[in-house]
Amino acid sequence: MARMNHDAYPVLDHASLVSPVVFVVDMVNGFVKEGALADPAIATCVAPIETLLKSCTPVQTIFVNDTHEPDAAEFASFPPHCLKGSQEAQVVDELQPYVSTVLEKNAISAAMAPGFFELLETLPEKADLIVTGCCTDLCVLQLALPLQAWINQNNRKGMRVILPVDCVETYGIPGVHEAESWNEMALANMAANGIEVVSSIQ
């Protein structure tokens with residue numbers, strides 16, 4: 001069961017979307033199915049993301065995947081995960097059919113991935129950038145905020161960043177990382193920064 005109150009946010013009409021670009025963040029085995037940071041609750045995002053990808057046609061999909069070297073600096077803060085070439089670093093089987101463009105990152109923020117800003121320059125002048133995946137308060141947050149900042153900096157008035165709550169989740173470790181509170185804080189942060197937080201896109 002998802003650990004967020006979806007009723008706190010409006011439903012977005014799918015018909016209102018303009019040239020949707022769906023970012024799928026870290027929906028890899030190392031967060032969904034196996035490894036030190038995997039949490040079964042994150043698997044609740046898989047079906048809503050797949051439904052979204054099926055309904056947003058034609059659609060551009062950009063998968064952003066953790067792909068770490070064994071000596072990654074990030075491992076000073078988090079246990080080793082999603083090593084390059086490992087099964088953990090692979091997109092979950094359910095979403096494999098939708099993989100097209102892939103950005104590999106060695107940091108929490110997708111903005112650090114090689115080619116990130118160059119890719120944004122190729123997007124339509126009018127487009128809805130939809131952010132999905134995990135983790136809400138880490139990699140999702142640090143993708144959504146740079147996207148909104150880039151839109152503002154470049155006066156891309158025909159773009160918006162949309163965050164469907166049913167398509168995001170974070171991991172929980174009792175006493176270490178309380179998923180419920182981190183989810184809500186991240187959603188509030190994104191909404192305060194101009195990101196359109198909705199319960200779902202239907």
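# Helix, strands and paired charges

Reader: How does Glu50 count, buried or partly exposed?
Author: The relative accessibility of Glu50 is 22%. Buried would need a value under 20%, and exposed one over 50%. In this predicted model, Glu50 therefore counts as partly exposed.

Reader: With which residue does Glu50 form a salt bridge?
Author: Side chains of opposite charge can pair when their charged atoms come close. In the salt bridge of Glu50, the closest N and O atoms are 3.8 Å apart. Both partners lie in helix 2, four residues apart, about one turn of the helix. The partner, exposed with a relative accessible area of 52%, is Lys54.

Reader: Which residues of helix 2 are buried, and why do they line one face of the helix?
Author: An α-helix has 3.6 residues a turn, so residues three or four places apart point the same way. Seen down the axis of helix 2, the buried residues fall within an arc of 130 degrees, so they line one face. On the other side, Thr51 and Lys54 are exposed. The buried residues of helix 2, which spans 46-55, are Val46, Ile49, Leu52 and Leu53.

Reader: Which strands are included in what covers the buried residues of helix 2?
Author: The cover of these residues includes helix 1 (29-32). It also includes strand 2 (21-25), strand 3 (60-66), strand 5 (127-134) and strand 9 (200-201).

Reader: Where is the place of Val64, and which residues is it in contact with beyond its neighbours in sequence?
Author: Val64 belongs to strand 3, and its relative accessibility of 0% means that it counts as buried. Its C-alpha atom is separated by 9.8 Å from that of Phe116, 52 residues apart along the chain. Leaving aside neighbours within four places in sequence, Val64 is in contact with Phe23, Val24, Val25, Asp26, Leu103, Lys105 and Ala110.

Reader: Which residues are linked with Asp26 in a network of salt bridges?
Author: A search of the whole structure finds eight salt bridges. One of them joins the side chains of Asp26 and Lys105. The network linked with Asp26 holds Lys105 and Asp66.

Reader: Which residues does Thr67 touch, not counting residues up to four places away in sequence?
Author: Thr67 lies in the loop between strand 3 and strand 4. At 12% relative accessibility, Thr67 counts as buried. Lys105 is among the residues it touches, and the others are Cys82, Lys84, Glu104 and Asn106.

Reader: Which residue forms a salt bridge with Arg156?
Author: Arg156 lies in the loop between helix 4 and strand 6 and its partner in helix 3 (residues 116-121), so the pair ties together parts 35 residues apart in sequence. With closest N and O atoms 3.1 Å apart, the partner is Glu121.

Reader: What kind of aromatic pair do Phe116 and Phe117 form?
Author: The structure holds one aromatic pair. The ring centres of Phe116 and Phe117 are 4.9 Å apart, with 80 degrees between the planes. Phe116 is buried, with a relative accessible area of 1%, whereas Phe117 is partly exposed at 38%.

Reader: How many bridges join strand 5 to strand 6?
Author: Strand 5, helix 4 (residues 136-153) and strand 6 make a right-handed β-α-β unit. The two strands run parallel, and one of the bridges pairs Ala127 with Met159 in strand 6. The number of bridges between strand 5 and strand 6 is four.

Reader: Which residue of strand 8 is the bridge partner of Ile162?
Author: Strand 6 (residues 159-164) is mostly covered, with five of its six residues buried. Three bridges join strand 6 to strand 8 (residues 196-198), and these strands run parallel. In strand 8, the bridge partner of Ile162 is Glu196.

Definitions and conventions. Residues are numbered from 1 along each chain as its sequence is written. This is a predicted model: local features need pLDDT of at least 70, side-chain atom pairs count only at pLDDT 80 or more; totals for chains, interfaces and linings use all residues. Side-chain values use heavy atoms; hydrogens and water are left out. Buried means under 20% relative accessible area, exposed over 50%, partly exposed in between (1.4 Å probe, protein chains only). The arc is that of the directions from the helix axis to the C-beta atoms. Contact means heavy atoms within 4.5 Å. Rings of Phe, Tyr and Trp (its six-membered ring) pair if their centres lie within 6.5 Å; planes under 30 degrees apart count as stacked, over 60 as edge-to-face and the rest as tilted. Two strands pair if DSSP finds at least two bridges between them. A crossover is right-handed if, with the strands pointing away from the viewer, the path from the first strand over the helix to the second runs clockwise. A salt bridge is a side-chain nitrogen of Lys or Arg within 4 Å of a carboxyl oxygen of Asp or Glu.
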